[in-house]
Amino acid sequence: MAAPQVKYTKLFINNEFVDSISGKTFGTINPATEEVICQVSEGDKEDVNVAVKAAREAFKLGSVWRTMDASKRGQMLAKMADLIERDYEYLAALETLDNGKPLACSKGDLDHAITIWRYFSGWADKIHGDTLPIDGSFISFTRKEPVGVCGQITPWNYPIPMLSWKWATALAAGCTVVLKPAEQTPLTALYMAALSLEVGFPPGVINVINGH
């Protein structure tokens, strides 16, 4: 298998790929050869603060994300699944390069990730409260609302499914996210961030900080 071209190596903040504030980078390693694949921007506290600020801004009342119809959020999640399917071979090769698992296993991970995005796309407009019968002349009801910015950390062993579990659930509920992928396997997380741009998620909704 020819090694895939690595397209994204920077941090992803507010819908832009940017260098870390410090300018630091670290090498991500091919486990099969123990050679450095490429240098990736290394974020730290300052970069996390910028990402959280962007995520909070995207979550503000009246923002594009907060006023978006839930059904539209669901369509965006379904589009992520479509794009993973479109770039299936490339993503599988990139995962194998950075993670070291056999290509067949990477493809199995992608199959699972696609089902995650499709499943939670259907949940986006079905998260609702209840009306509750109580004594007296009263109305009692519950309302479910997104909690806000979700800080997320994923391990190295199932990079794309782990990211999908965290992103799809939070986004279906209307939250915003700041993800730190495992320092051993940042490359597919950055490519997934690029796919989120293509889908059209508003700035600040999805952020990715590489680092230790």
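Predicted model: local features only at pLDDT ≥ 70, side-chain atom pairs only at ≥ 80, totals over all residues.
Leaving aside residues up to four places away in sequence, Asn30 touches Glu35, Ile37 and Leu97.

- Asn30 belongs to strand β3, which covers residues 25–30, and its relative accessibility is 14%.
- Residues under 20% relative accessible area are called buried, and Asn30 therefore counts as buried at 14%.
- Asn30 and Val208 are 178 residues apart along the chain, and their C-alpha atoms are separated by 21 Å.

- Asn14 lies in the loop between β1 and β2 (16–18), and its phi is positive, at about 55°, although Asn14 is not a glycine.
- Asn15 is found in the loop between β1 and β2 as well, and phi of Asn15 is near 70°, again a positive value in a residue other than glycine.

- Helix α1 runs over residues 45–59 and has 15 residues, and the distance from its first C-alpha to its last is 21 Å, close to the 21 Å expected at 1.5 Å a residue.
- Its buried residues are Asp47, Ala51, Val52, Ala54, Ala55, Ala58 and Phe59. They cover an arc of only 160° around the axis, and therefore they lie on the same side of α1.
- An α-helix has 3.6 residues a turn, so residues three or four places apart point the same way.
- Lys45, Lys53 and Arg56 are exposed on the other side of α1.
- The buried residues of α1 are covered by elements that include the strands β1 (11–13), β7 (149–153), β8 (176–180) and β9 (206–208), together with helix α2 (64–67).

- Which residues of α5 are buried? They are Ser106, Asp109, Leu110, Ala113, Ile114, Ile116, Trp117 and Ser121. Because these residues cover an arc of only 160° around the axis, they are on the same side of α5.
- What covers the buried residues of α5 includes the helices α3 (70–86), α4 (88–99), α6 and α7.
- Helix α3 has 17 residues and reaches 25 Å from its first C-alpha to its last, close to the 24 Å expected at 1.5 Å a residue.
- In α3, the buried residues are Arg73, Gly74, Met76, Leu77, Ala78, Met80, Ala81, Leu83 and Ile84, and their cover includes α2, α4, α5, α6 and α7.

**Where helices cross**

- The axes of α6 (residues 159–173) and α7 (residues 187–199) come within 9 Å and cross at roughly 45°, and the two helices are therefore oblique to each other. In this right-handed crossing of α6 past α7, the contact is made by Pro159, Ile160, Leu163, Ser164 and Trp167 of α6 with Thr188, Ala189, Met192 and Ala193 of α7.
- The axes of α3 and α7 come within 10 Å and cross at roughly 125°, so that α3 and α7 are oblique to each other. α3 passes α7 in a right-handed crossing, and the contact is made by Met76, Lys79, Met80, Leu83, Ile84 and Arg86 of α3 and by Met192, Leu195, Ser196, Glu198 and Val199 of α7.
- The axes of α4 and α5 come within 8 Å and cross at roughly 125°, and therefore α4 and α5 are oblique to each other. Their crossing is right-handed, with a contact made by Tyr88, Glu89, Leu91, Ala92, Ala93, Glu95 and Thr96 of α4 and by Leu103, Ser106, Lys107, Leu110, Asp111 and Ile114 of α5.

Key: Residues numbered from 1 in each chain as written. Heavy atoms only, no water. Helix = DSSP H or I, 4+ residues; strand = E, 2+ residues; numbered from the N terminus. Expected span 1.5 Å × (residues − 1). Buried < 20%, exposed > 50% of the residue type's maximum accessible area, 1.4 Å probe, protein only. Arc of directions from axis to C-beta. Contact = heavy atoms within 4.5 Å. Axes fitted to C-alpha atoms, helices over the stretch in contact; angles between N-to-C directions. Parallel < 35°, antiparallel > 145°, perpendicular 65-115°, else oblique. Left-handed = near helix turned anticlockwise from the far one by under 90°.
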